[in-house]
Amino acid sequence: MKNFENRLTGSIGLGLLVSGWLVATAAQAADAEYQLVIQDHRFVPAELTVPSGKKIKLNIENRDATPEEFESHALNREKVIAGKSAGVIFIGPLTPGRYPFYGEFNQKTAQGVIVAK
Amino acid sequence: MLGTLVIVFREVLEAALLIGIVAAATRSIPGRNRWLAAGLLAGLSGAALVAAFTDVIGSLASGIGQELFNAIVLGIAVLMLAWHNIWMSTHGAELAAGARTVGNDIRDGRRECSILLVVVGLAVLREGSETVLFLYGIAASEGSRASSMLAGGAIGLALGVAVGYTIYAGLLRVPLRWFFTATGVLVLLLAAGLASQAARFLIQADLLPSLAAPLWDTSAILPEASIPGMLLHSLIGYDARPAGMQLVFYAIVLVLISVGMRLANRTNSVSKKIEPQLNIQQKGSAS
């Protein structure tokens, strides 16, 4: 069992090393930045056009007092943005197409779409 | 009201299924209920804290604090589930046979219980904090409609707990012969699914490359928002549009835990069978 525990620790250590390297490489790429604002439980702009084939940095600012969850099945992303605060989400690279997203906490009004061209 | 019900149900479901499976898997460990309750309480208080400090957590690490936090919580849960499964593969049979307090196993059993507490606590913390935020938003903004929405939330919560209890009760009906295999496989898949979710958060934070994204798209056949999709997502980590990196994490955790279980199982049975084996060897050399 001891021997086995050592081996387990070894594999975890190796995993951490590999992920550290991945973090270092991933951080180097430059990204296109876009802004998205949440106001009165709506996204502004409701339609955002971005280039395809590029990683996109999405800055989301929630101007409402209540929290909102940015959620998109098409983009496979979800993130809670607290009231009166901002957050960052990275998406893509996307193939050309329409990617709907919504605010899970206020689905009736908070609807939007990212168009990759 | 229906909207609230669905959202709360979805959040609760994931934690409830995990708790149901882990509670079943640890059913023969003495004092398990107390640890389970402690885990629930710790998770709920943690969820309230995380919800209250969402903006602080979110603004850490230049806006990716939430992703890091989620990935760390998921990572710890994966490690704990791995430890649980490996421990169970050496002790499960003894526990089933009723030899609960043999020698060192008391200490081991206690360690296993603290793992149970952490796993349950983290599951409640993660899913609970989002539910708290969501309900807080409703209570703050909906005014007169708030009470009907909160009622929806309560029903969602009850339904989620009911599903969790169903899987728990169902697992207890599995014959003992299959029981540890069944819970072992379920915990293994849970852990792999959580690892895939952790990978997704790290991709979202741009700390990991996505590799092929999406690797496949089955959202037309089995959407994640459907009931079967939700169940499969919580149970085996189903993702309708996974990134390649998520699958890498899934596979690595699946293989590492399986190998760990096999090694632990072998070490255990070798130490028990050492005497009979010696006899066989002696007979062999004599002939």
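How many residues does the contact take from chain A and from chain B? It takes 27 residues from chain A and 34 residues from chain B; two residues are in contact if their C-beta atoms, placed from the backbone, lie within 7 Å. This is a predicted model, where local features need pLDDT of at least 70, side-chain atom pairs count only at pLDDT 80 or more, and totals for chains, interfaces and linings use all residues. Residues are numbered from 1 along each chain as its sequence is written, while chains are lettered from A and ligands numbered from 1 in the order in which they are written.

**The side of chain A that touches chain B**
- α1 (2-26), β6 (77-81) and β7 of chain A each supply at least two residues of this side.
- Helices (H or I, at least four residues) and strands (E, at least two) are DSSP runs, numbered from the N terminus.
- The residues of this side divide into 16 nonpolar, seven polar and four charged.
- Ala, Val, Leu, Ile, Met, Phe, Trp, Tyr, Cys and Pro count as nonpolar; Asp, Glu, Lys and Arg count as charged; the others, Gly among them, count as polar.

**Strand β7 of chain A**
- β7(A) spans residues 85-91, and five of its seven residues are buried.
- Buried means 20 or more other C-beta atoms within 10 Å of a residue's own, with C-beta atoms placed from the backbone.
- β7(A) runs antiparallel to β4(A) (residues 56-62), joined by seven bridges.
- Strands pair if DSSP finds at least two bridges between them.
- Val88(A) in β7(A) has Asn59(A) opposite.

**Chain B**
- Chain B has nine helices and zero strands.
- Of its 287 residues, 45% are buried.
- Among contacts in chain B between residues at least 6 apart in sequence, 84% join residues at least 24 apart.

Definitions and conventions:
Buried ≥ 20, exposed ≤ 12 C-beta atoms within 10 Å, placed from the backbone.
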